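User: I would like to learn how to read the features of a protein model. Please take me through them one at a time.

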Amino acid sequence: MSYGYGQPAGPPGVDQNYLGSIFQNVDKDRSGQISATELQQALSNGTWTPFNPETVRLMIGMFDRDNSGTINFQEFMSLWKYVTDWQNCFRSYDRDNSGSIDRNELKVAMTSFGYRLSDRFYDILVKKFDRQGRGTIAFDDFVQCAVVLQTLTNSFRAYDTNQSGWIQINYEQFLTLVFSLKS
C-alpha cells in the first residue's frame, strides 16, 4: 500500500507588500483578521460560482494557528502560498483546460501525490466532490478532496505503525479516529 502526502511543491514566496494589499482588501471589517466569510468572498474557483464554503472552513482550520476562527496576516501568507500551489497543481492536471478535472485527470493527480487507489474509489471521489453534478471537480472542490485525503491518510498512518497499508482497530478507536479529525 502506498499513500501520498497530498501537497504539491510550490514556487518561492510572494512579495509581502503585494500580499499586504490583498489582505487589506479581503479584510472588509478592518479587524486585522480574515473570517471564513471574507475569505470565501475573496477566492475564485474559476467557475463564476462561490468558493466551496467547506473548503474555506478547512483552509481556515489548517492555517489558524492561534485557534481564533480567523487568520491573521502571517497565517494568510501561508494560506496564500498553499492556494497558489494548489492552483498551479490543478492547472497542470486540467489537461484540456476546461477549468475542472475529470476522473482520469484526478487519478493522474492523486497518483503523482503517491496515492494508489482503485478506479472504483476515484468514481466515489468524483461523486463526493462534484458539487455541480457534471462528473468533474472544480478547483475549490479539488482542494477539499486533497485536504480530506491528506487528513484521513495522516490519521490512518497513526495506526499503521509498520506502514503496511493495513490497520486493526476496535470500534471505539475508529470513532475516536473519525471524531478527532481536524477537517
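User: How many salt bridges does the count come to?

Analyst: A salt bridge is a side-chain nitrogen of Lys or Arg within 4 Å of a carboxyl oxygen of Asp or Glu. By this rule the count comes to 7. This is a predicted model, in which local features need pLDDT of at least 70, side-chain atom pairs count only at pLDDT 80 or more, and totals for chains, interfaces and linings use all residues. Residues are numbered from 1 along each chain as its sequence is written, and side-chain values use heavy atoms, with hydrogens and water left out.

User: What are the elements of the protein, and how do they run from the N terminus on?

Analyst: Helices (H or I, at least four residues) and strands (E, at least two) are DSSP runs, numbered from the N terminus. The protein has 8 helices and 2 strands. Their order is α-α-α-α-β-α-α-β-α-α.

User: Which side chain meets Lys81 in a salt bridge?

Analyst: Lys81 pairs with Asp85, at 3.0 Å from N to O. The two residues are 4 apart in helix 4, so about one helical turn separates them. To describe their surroundings we use relative accessible area: buried means under 20%, exposed over 50%, and partly exposed in between (1.4 Å probe, protein chains only). Lys81 is partly exposed at 34%, whereas Asp85 is buried at 7%.

User: Where in the chain are Asp141 and Arg131?

Analyst: The side chains of Asp141 and Arg131 meet in a salt bridge of 2.8 Å, N to O. This pair links distant parts of the chain: Asp141 is in helix 7 and Arg131 is in the loop between helix 6 and strand 2, 10 residues apart. Asp141 is buried, with a relative accessible area of 2%, and Arg131 is partly exposed, with 41%.

User: Which residues are linked in a network of salt bridges?

Analyst: The network consists of Arg103, Lys107, Asp119 and Asp123. Within it, Arg103 forms a salt bridge with Asp119, and their closest N and O atoms are 3.5 Å apart. That pair also links distant parts of the chain, with Arg103 in helix 5 and Asp119 in helix 6, 16 residues apart. Arg103 is partly exposed at 24% relative accessible area, and Asp119 is partly exposed at 37%.

User: What is the nearest side chain of opposite charge to Asp27?

Analyst: For charge, Lys and Arg count as positive and Asp and Glu as negative; His and the chain ends are not counted. The nearest side chain of opposite charge to Asp27 is Arg30, 5.3 Å away. Asp27 is buried yet has no salt bridge. Its place is the loop between helix 1 (16-26) and helix 2 (36-42). Contact means heavy atoms within 4.5 Å. Not counting residues up to four places away in sequence, Asp27 touches Gly32, Gln33, Ile34 and Glu38.

User: Which residues of the largest nonpolar core touch the most other members?

Analyst: In soluble globular proteins, nonpolar side chains tend to be buried together. A nonpolar core is a set of buried Ala, Val, Leu, Ile, Met, Phe, Trp, Tyr and Cys residues joined through side-chain atoms within 4.5 Å. The largest one here has 41 residues, and Met59, Trp86, Leu106, Met110 and Phe142 touch the most other members. Helix 4 gives the most to this core, with 9 residues. Leaving out residues up to four places away in sequence, the contacts of Phe142 include Trp86, Leu106 and Met110.

User: Which residues of helix 6 are buried?

Analyst: They are Tyr122, Leu125, Val126 and Phe129. To see how they are placed, take the directions from the helix axis to the C-beta atoms and find the arc of those directions. These residues cover an arc of only 95° around the axis, which puts them on the same side of helix 6. On the other side of helix 6, Arg120, Lys127 and Lys128 are exposed. Helix 5, strand 2 (137-138) and helix 7 are included in what covers the buried residues.

User: Where is Asn97, and is it buried or exposed?

Analyst: Asn97 sits in the loop between helix 4 and strand 1 (100-101). It counts as exposed, at 65% relative accessibility. Asn97 has a positive phi of about 55° although it is not a glycine.
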